[in-house]
Amino acid sequence: MKALDLTLYFVTDSTDKTEDEFLKIIEEACKGGVTLVQLREKERSGLDYLILSQKVKQITDSFDIPLIIDDRIDIAIAADAAGVHVGQSDIPVKYARQILGKNKIVGATVKTVEQARIAKEEGADYFGVGAIYPTTTKVVTILTEVSMLNEIFCETNMPVAAIGGLNQTNIDVLYDSMADGIAVVSAIMKSENPRESARALKEQVQNNFKKLKKASYK
């Protein structure tokens, strides 16, 4: 399994995009420096999801960027993706780990310390914590304080990506946090220049997140 880098975690949304437009945005985001890509397709059939995941993986593979599949372990296996991400209403982490084995990535969305402890015990590799801000995606979100993100890290010592409504204008709220990076959707998907948006976001994280402060807790 490739080393996990959560600096700029790009979560896709194909809503209102043609396939060509969608794939082009992913390619441009990869050129801009995203470190992880999650394909999230809540409403596609299994076959359509698989075919799209194979096309996306061709792009991410060409940039040596891991591809994570949201929720669907079967699609992750069939597409030979790097791993899967599961939410609290999806299949539990322990079953995802049993099915995928030790060499694949299993990520989990958590909102409390207890959820994080359980996910860690069951074999999660990283946490997505949020939503830090309200989102414009179709996914139902509950806001999470940055202080909870910090508590989750301090209690579990696990890699953490902050998620939910984050963009270049508001990620300063995380500069003193314990986040390893950010997960974004609209900040790239809706950008007029996805490559530049990815580059700028990554630079903000790399230059401003308190890595040395976090290291002192390990």
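Colleague: Which residue in β8 is the bridge partner of Ile163?

Modeller: In β8, Ala183 is the bridge partner of Ile163. This is a predicted model, in which local features need pLDDT of at least 70, side-chain atom pairs count only at pLDDT 80 or more, and totals for chains, interfaces and linings use all residues. Residues are numbered from 1 along each chain as its sequence is written, and side-chain values use heavy atoms, leaving out hydrogens and water.

Colleague: What makes β7 and β8 a pair of strands?

Modeller: A strand is a DSSP run of E with at least two residues, numbered from the N terminus, and two strands pair if DSSP finds at least two bridges between them. Strand β7 (residues 160–163) has 3 parallel bridges to β8, so the two strands pair. Strand β1 (residues 8–11) also pairs with β8 in the parallel sense, over 3 bridges; there Tyr9 stands opposite Ala183.

Colleague: How do you know that both faces of β8 are covered?

Modeller: A residue is buried if its relative accessible area is under 20% (exposed is over 50%, partly exposed in between; 1.4 Å probe, protein chains only). In β8 (residues 181–184), Gly181 and Ala183 on one side are buried, as are Ile182 and Val184 on the other.

Colleague: What arrangement do β1 to β8 form?

Modeller: The 8 strands form a closed barrel in the order β1-β2-β3-β4-β5-β6-β7-β8, with parallel pairing. Their twist averages 25° from one strand to the next, with angles taken from 0 to 180 degrees between N-to-C directions of axes fitted to C-alpha atoms, for helices over the stretch in contact.

Note on methods:
Helices (H or I, at least four residues) and strands (E, at least two) are DSSP runs, numbered from the N terminus.
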